[in-house]
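Okay, thanks for coming, everyone.

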Amino acid sequence: MLLSKLIGSLKDYKTENYKDVDITGISYNSKDTKSGDIFICIRGETADGHIYAQNAADNGASALFCEEKLNINIPQIIVKDTKRTMAYIASAFYNEPSQKLNLIGVTGTNGKTTVTHLIQRILEENKEKCALIGTLGYKLSSTDEYKEAKHTTPQPPELQRDLKLMLDDGINNVVMEVSSHSLEQNRVGCCCFNGAVFTNLTQDHLDYHITMKNYFKAKAILFENLKEGSFAVINADDNYAKDFISVIPSGVKVITYGVKNQADVKAENIDFSIDGAKFTIEFNNQLEKMNLHLNGMFSVYNALAAFSTGLALGIDYKTIINALENTGSVAGRFEIVSKKPLVIVDYAHTPDGLENVLKAARELTPVQSNLICLFGCGGDRDTTKRPKMGKIADELSDKVVVTSDNPRSEDPQLIISDIMAGIKTVDTQRIFVEPDRRNAIKFLKTISTPLDVIVIAGKGHENYQILKNETIHFDDREEAGKVFADVQHV
């Protein structure tokens, strides 16, 4: 693609050493730059791409996309903010694939991963191809293997490349997790969403957004930019529901769902067991039975979100119910890895997420048995949620094991101290501390009986642990499997 065509839709830019060269790729890491690439100089948290522009040129870059004039003798396109403008370059390079797709974005603090998987299953049950992009990576169908992704929502060059790949593979539907970071940083800029789904908004990422108001504003971008004829699915029970509805443009169809408040799609008569959740779903003045193989109230909400999306897409309700009833748990989301005791691994890493999973686990805990919670908090992240999560674990569990999550550059013991500040009374018979996560999981066997329920929270599907100087292989499910190897497994 000629450089002139690539920058054709840009405004407010300057050029230096301009020549209409042919661009054959996009890069923002000089080590990955190939001959013919346009190299985008990104100012990140720890590095400035402008410093590496000469390396990129030496590796064959045909042009630079930068925020200041550089003393390098190749064409330069100078803009105010390369990170935000990268989305336009990427979309143009891959010929705007989202314009030709039924692209559905799912955003919220919790539930994004499960909801995207459920929507994918609904579309496939309707005999349509659907790809998925999210926390676990991306895949072209529900039976496909995940391709690894670095972010919940990829950077624009990878995102637009993947959308083009999916389109070329004959896939017309894509459901995608859309993180607040990606919205704030314009990673999904130039993406044309046919639908947007809001799950919930509770405390998370305040190390980045600082306030809940800013967090909301970032999430709201997805809904503010919906085009006429598209749809929005909103959790009516969330405190921010009205705020999200207020920013949705006219001409966008809004469908609400919930359990407590009046909604277009509603669940009633909910009953939980180890096999899942049963309830009645009310919509369009009719009632239907739903038998999920997923557990917890959060799973009911996730199913309602997916059901509402199916209705918005015009899919028959019987097809939707069949898809939902035949979907198992998503990796690391209330995933049962042992039955005696019942050991559940979950990705819950926010106060609301931990509260939801513990309440769901309590529903499965026999009388006279203990609910045991093992968790930690990530380092270099929002510190204010640590004592809140300590308080929640203390109040909702019979026994608590506080350990490390991904400590990153922080001292694990200091993170644990922040968590312990939220625990009312440190009773040594029910509150335990073990900084080494592997040893903490081993310790669970010494404080549990076969009738107890154990929740190992925080990492879910992750198969690594980020320490100060290294990242090691670590999988809660594997570790729990080793510890409870002599008991009945799922």
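Let's start at phenylalanine 334, which lies in the loop between helix 11 (317–325) and strand 16. Helices here are DSSP runs of H or I with at least four residues, strands are runs of E with at least two, and both are numbered from the N terminus. Before I go on, this is a predicted model: local features need pLDDT of at least 70, side-chain atom pairs count only at pLDDT 80 or more, and totals for chains, interfaces and linings use all residues. Residues are numbered from 1 along each chain as its sequence is written, and side-chain values use heavy atoms, with hydrogens and water left out.

Most residues other than glycine have a negative phi. Phenylalanine 334 also counts as buried, at 6% relative accessibility. Buried means under 20% relative accessible area, exposed means over 50%, and partly exposed is in between, with a 1.4 Å probe and protein chains only.

Next up, proline 341. You'll find it in the loop between strand 16 (335–339) and strand 17 (342–346). A cis peptide bond joins lysine 340 to this proline, with omega about 0°. For context, most peptide bonds are trans.

Now the cysteines. Cysteine 190 is in the loop between helix 6 (180–184) and strand 10 (195–198), and it is another non-glycine residue with a positive phi, near 75°. It's partly exposed, with a relative accessible area of 28%. How many disulfides do we get? Zero, if a disulfide is a pair of cysteine sulfur atoms within 2.5 Å. For cysteine 190, the closest cysteine sulfur is in cysteine 191, 7.6 Å away, so that's too far for a bond. Cysteine 373 is in no disulfide either; its nearest cysteine sulfur, in cysteine 377, is 10 Å away. And cysteine 373 is buried, at 0% relative accessibility.

Cysteine 377 comes up again in the lining of the largest cavity, along with Thr403, Ser404, Asp405, Pro407, Pro412, Ile415 and Ile416. On a 1 Å grid over the protein atoms alone, a cavity is a set of points where a 1.4 Å probe fits but cannot get out, and lining residues have an atom within 4 Å of a point. The volume is about 30 Å³, meaning the space filled by probe spheres set on the points, with grid points joined across faces, edges and corners. One cavity of 30 Å³ or more is counted.

One more residue: glycine 353, in helix 12 (residues 351–363). It's buried, with a relative accessible area of 9%. Leaving aside neighbours within four places in sequence, glycine 353 is in contact with Asn110 and Ala348, where contact means heavy atoms within 4.5 Å.

Finally, let's zoom out. The protein has 16 helices and 23 strands, and 57% of its 490 residues count as buried. Along its principal axes, the C-alpha trace spans about 75 × 55 × 40 Å. Among contacts between residues at least 6 apart in sequence, 65% join residues at least 24 apart.

Methods
1 Å grid on protein atoms, 1.4 Å probe; cavity = no way out; pocket = protein on both sides within 12 Å on 5 of 7 lines; lining within 4 Å.
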